[in-house]
Amino acid sequence: MTTTEDFRSPLTLAPIRRARERFLADLPLPDGIPDDVVAGWRRARFFGVQRDLTADRDLAAAPASPLLAAASPVLQRLVPVLGDRDHAMVLADERCRVLWWHGRPPVAALRHDLSEREVGHNSAAVALRTGLRAEAHGPEHFLDLWQDVSAVSVPLHSPEGARAVGTVTVVTDLCEGRGSHPGAALAEATAAAVEAELAARWQRPAERLLLDAYLRESVSGQAVVALDGRNRFVNEAAARLLSPEALSHLERRAAALMHGDVALDARRPRGGERPYGLHEPYEAQDRDRAREPCGAREPLDVDMPDSSGQAARLTPVRHGDSVIGIIAVARRTSPSPGLESPGPGCSRPQAGELAALVGSSVAWRHATARAAELARSSSQPLLLTGERGSGKTAVGRAVLVERDGTEPLTVDAAKAPDGRLAALCASLTNHQDSQGGPARSLLLRHAERLGQRDVAALIALLDESPHLPLVITYTPGAPVGPCLERLLDGLSARSVVLPPLRGRPEDIEELAARLAPEPPPGHPPLTWTLDAVRALEQHSWPGNVTELAHLVRAVAEQRRASGPVRRSELPDVVQERPATRRLSAIERAERDAILEALRRHGGNKARAAAALGIGRATLYRKLRGYR
């Protein structure tokens with residue numbers, strides 16, 4: 001992979017081709033393979049990408065996109081040029097969805113979704129992630145489908161320059177023994193022309209209307225989302241209230257409303273609200289309403305999916321005769337089922353348990369959503385792993401309460417004597433429901449502290465009742481015996497790794513607010529200065545949420561000053577600025593994968609390196625870099 005800032009030496013792809021075959025065969029990789037290429041292969045394996053995917057023969061119609069509308073005049077001028085070359089050009093949006101293509105090579109090798117989650121390492125995904133020009137040649141790709149093609153991708157930046165909104169990719173037959181991709185100049189020139197067209201359109205007032213409407217609604221403190229098919233503005237209240245699935249649902253409903261399609265479950269609000277924007281007098285609207293799609297004129301109320309207890313009001317933002325965006329104001333219509341609401345017959349979670357479920361970071365939402373999905377899809381056991389204090393017990397209890405509606409039976413292996421679980425397993429076997437499964441869910445904490453008797457009893461119980469409604473929490477680190485290793489291996493297919501608190505620093509401010517004790521009557525709640533929040537975010541938190549809860553409680557009890565908590569009031573170990581740089585999200589994922597491999601192989605670095613497909617020297621180097 002290269003960028004415009006690098007000089008690319010002539011390619012020698014034979015070593016990379018051999019390294020790819022070794023990687024696919026789970027053999028150690030030789031030295032000298034570019035780190036970004038190997039990291040791309042690993043991400044593809046992590047996402048479960050199949051190497052033998054074939055081309056999409058029937059590509060779906062490109063979704064309506066402002067990017068495609070802006071790029072079309074430029075691309076159409078290039079069609080004759082592409083017809084005279086063995087080049088193909090592909091336009092993709094900010095989600096790596098193909099919007100437009102033309103030329104010979106892609107016809108036999110194109111996929112409609114170029115994201116790494118779907119197809120693995122490729123130049124378009126790297127260009128979007130880095131914001132720089134990127135190339136991929138033959139064996140650098142993960143898919144067998146692309147072993148004989150070379151591609152160069154140039155990101156398309158938004159007019160304000162803050163983010164990449166898509167890519168232009170030029171594809172040719174495999175370029176081996178050359179420097180930069182021969183289509184790099186064409187891709188750069190096309191991207192510059194498309195960005196110029198985007199900038200010209202950005203100067204028009206329509207986008208400003210949407211932003212003004214969003215800011216006007218956000219002042220009230222409501223959960224507000226602004227959507228126009230290209231941009232998505234989400235304020236803090238909406239980020240806390242809405243899940244990624246709910247936001248995607250809003251995007252789909254907003255797109256339908258912008259095109260005048262009103263679903264059956266949409267309801268017109270009372271009170272005569274009007275659309276935002278520049279439009280004709282209301283009398284003209286009322287006169288012409290019967291002749292136009294009602295969804296493009298009036299606000300509508302819609303329910304969120306999956307019985308989330310949420311609804312949203314979608315209000316069109318109009319510019320002239322066109323709907324240029326939607327303002328969605330979300331609200332909770334009933335107590336949320338699931339992770340934050342106790343089920344029938346169970347008490348409300350304590351503050352620490354509820355706070356452990358707070359968080360809007362991608363890592364935390366993905367982990368908790370995955371745990372809930374596994375628990376809902378089957379009554380088979382679920383394994384939650386993570387560092388101490390990362391919230392395993394709270395998540396396990398919450399997903400069982402959500403699914404079963406009753407409080408689970410909780411057993412702490414760290415406190416129970418060896419043999420107690422064996423007796424409990426026998427009683428569970430003797431008390432079964434009508435389907436033959438145990439009558440009550442079981443939450444087993446600290447599986448790493450189980451004695452041999454209890455591990456054997458648990459394995460026997462799972463052999464007899466494979467659909468046991470059981471959640472096991474496990475903290476890696478201690479040596480694992482053969483019986484416990486067998487148990488963990490058997491549950492690995494239904495396991496979720498919860499991220500440590502240092503891996504989701506953006507959640508710390510919200511957690512600190514939730515963990516703060518109730519203030520005395522007449523006193524304001526505990527708040528934090530920006531500098532204090534930064535200190536909390538930079539701390540390594542070896543005790544995770546548990547450590548943060550102790551710190552917040554101690555600060556609240558000991559302080560005598562008024563106003564927000566200052567950095568100087570924090571413990572010295574938290575006040576100190578870290579001497580090392582903060583790791584990126586990819587580096588944190590890589591570090592966690594290395595630590596997990598070391599745990600599985602009892603700290604043996606040679607076997608861990610072989611399992612990861614890297615050299616032992618590379619493993620040592622990466623471990624030193626994470627200190």
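**Charged pairs and nonpolar cores**

Colleague: Why does Arg20 count as buried?

Modeller: Arg20 counts as buried because its relative accessibility is 3%, and the cut-off for a buried residue is under 20%. Please bear in mind that the model is predicted.

Colleague: With which residue does Arg20 form a salt bridge?

Modeller: The general idea comes first. Side chains of opposite charge can pair when their charged atoms come close. In this structure, the partner of Arg20 is Glu21, and the closest N and O atoms of the two are 3.4 Å apart. Glu21 counts as partly exposed because its relative accessibility is 38%.

Colleague: How many salt bridges does a search of the whole structure find?

Modeller: The search finds 20 salt bridges. One of them pairs Glu116 with Arg43, where the closest N and O atoms are 2.9 Å apart. This pair links distant parts of the chain: Glu116 belongs to helix α4 (residues 116-119) and Arg43 to helix α2 (residues 35-46), 73 residues apart. Both Glu116 and Arg43 are buried.

Colleague: Which residue forms a salt bridge with Asp531, and which parts does the pair tie together?

Modeller: Asp531 forms its salt bridge with Arg567, with the closest N and O atoms 3.0 Å apart. Asp531 lies in helix α18 (residues 530-538), whereas Arg567 lies in the loop between α19 (544-558) and α20 (572-575), so the pair ties together parts that are 36 residues apart in sequence. Asp531 counts as partly exposed, at 35% relative accessibility, while Arg567 is buried, with a relative accessible area of 10%.

Colleague: Which residues do salt bridges that share partners join into one network?

Modeller: Arg20, Glu21, Arg51 and Asp144 are joined in this way.

Colleague: Let us turn to the nonpolar residues. Which residues of the largest nonpolar core touch the most other members?

Modeller: Again, the general idea first. In soluble globular proteins, nonpolar side chains tend to be buried together. Here, the largest nonpolar core has 30 residues, and those touching the most other members are Phe23, Trp41, Leu114, Phe142, Leu143 and Trp146. At least two residues of this core come from each of α1 (14-24), α2, β1 (88-93), α5 (123-130), β4 (149-157) and β5 (164-173). Another core, of 24 residues, lies apart from this one, and its members include Ala71, Leu99, Leu156 and Val168.

Colleague: Leaving aside neighbours within four places in sequence, with which residues is Trp146 in contact?

Modeller: On that basis, Trp146 is in contact with Ala109, Arg111, Leu114, Val119, Asn122, Gly138 and His141.

Definitions and conventions. Residues numbered from 1 in each chain as written. Predicted model: local features only at pLDDT ≥ 70, side-chain atom pairs only at ≥ 80, totals over all residues. Heavy atoms only, no water. Salt bridge = Lys/Arg side-chain N within 4 Å of Asp/Glu carboxyl O. Buried < 20%, exposed > 50% of the residue type's maximum accessible area, 1.4 Å probe, protein only. Helix = DSSP H or I, 4+ residues; strand = E, 2+ residues; numbered from the N terminus. Core = buried A, V, L, I, M, F, W, Y, C linked by side-chain atoms within 4.5 Å. Contact = heavy atoms within 4.5 Å.
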